[in-house]
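Hello,

Here is the structure I promised to pass on to you. Please have a look, and then read my notes below.

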Amino acid sequence: MRENDMLEKEEIFSKVLRAGRRTYFFDVRATKADDYYITITESKKFTEADGSFHFKKHKIYLYKEDFLAFTEILEEMTSYVLNHKGEEVISERHQKEFKKEYASEKSEEVEGVKMPSTSSFTDIEFDDI
């Protein structure tokens, strides 16, 4: 049996979440022993300067014995974020009027040494790691 046939046979149930440049795939798959597990795949589209593009994918395998703990921690973490920051998205990418806190800061002098302003540092996003 070809590898593609095996992959298709393993997929039991799937859902897709499209979120801008990211797509999340939630798949129920079967082990060789015919038990089920979940894969969560993040696929992100990157466009090159020449117009070509490629996708980067990251996958999590989640097994039944971890479902309860995973669900509890995910719920706790999402509740924490929403309780502390609300549902409004606050980012440079999502809001055109978003002002960086350090954008107006000037360089300062510390013990006679001129320090660069924080605006001279490069922003690094989670996706860059």
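**Strands and hairpins**

Strand β1 (residues 11-19) runs antiparallel to strand β2 (residues 22-30), and eight bridges link the pair. Before I go on, please note that this is a predicted model, in which local features need pLDDT of at least 70 and side-chain atom pairs count only at pLDDT 80 or more, while totals for chains, interfaces and linings use all residues. Residues are numbered from 1 along each chain as its sequence is written, and side-chain values use heavy atoms, with hydrogens and water left out.

On terms: helices (H or I, at least four residues) and strands (E, at least two) are DSSP runs, numbered from the N terminus, and two strands pair if DSSP finds at least two bridges between them.

The hairpin of β2 and β3 has five residues between the strands. D34, in the loop between them, has a phi near 65°, a positive value in a residue other than glycine. D34 counts as exposed, at 57% relative accessibility (exposed is over 50% relative accessible area, buried under 20% and partly exposed in between, with a 1.4 Å probe and protein chains only).

**The sheet as a whole**

The four strands make an open sheet in the order β1-β2-β3-β4, with antiparallel pairing. β1 and β4 (53-63) are at the edges with a single partner strand each, so one side of each has no neighbour in the sheet. From one strand to the next, the twist averages 20° (axes are lines fitted to C-alpha atoms, for helices over the stretch in contact, and angles run from 0 to 180 degrees between N-to-C directions).

**Side chains**

Which residues does S43 touch, leaving aside those up to four places away in sequence? They are R21, R22, T23, F25, F55, K56 and K57, where a contact means heavy atoms within 4.5 Å. S43 is found in strand β3 (residues 36-47) and is buried, with a relative accessible area of 7%.

The charged end of K45 is 4.2 Å from the centre of the F53 ring, and K56 lies over the face of F46 at 5.0 Å from the ring centre.

**Helix α2 and the whole chain**

Helix α2 (residues 67-85) has 19 residues and spans 27 Å from first to last C-alpha, close to the 27 Å expected at 1.5 Å a residue (the expected span is 1.5 Å times one less than the number of residues). G86 follows α2 and has a positive phi, near 75°.

Overall, the protein chain has two helices and six strands, running α-β-β-β-β-α-β-β from the N terminus on. Buried residues make up 12% of its 129 residues. Of the contacts between residues at least 6 apart in sequence, 14% join residues at least 24 apart.

Best wishes

How values were computed: Lys NZ or Arg CZ within 6 Å of the ring centre and 35° of its normal.
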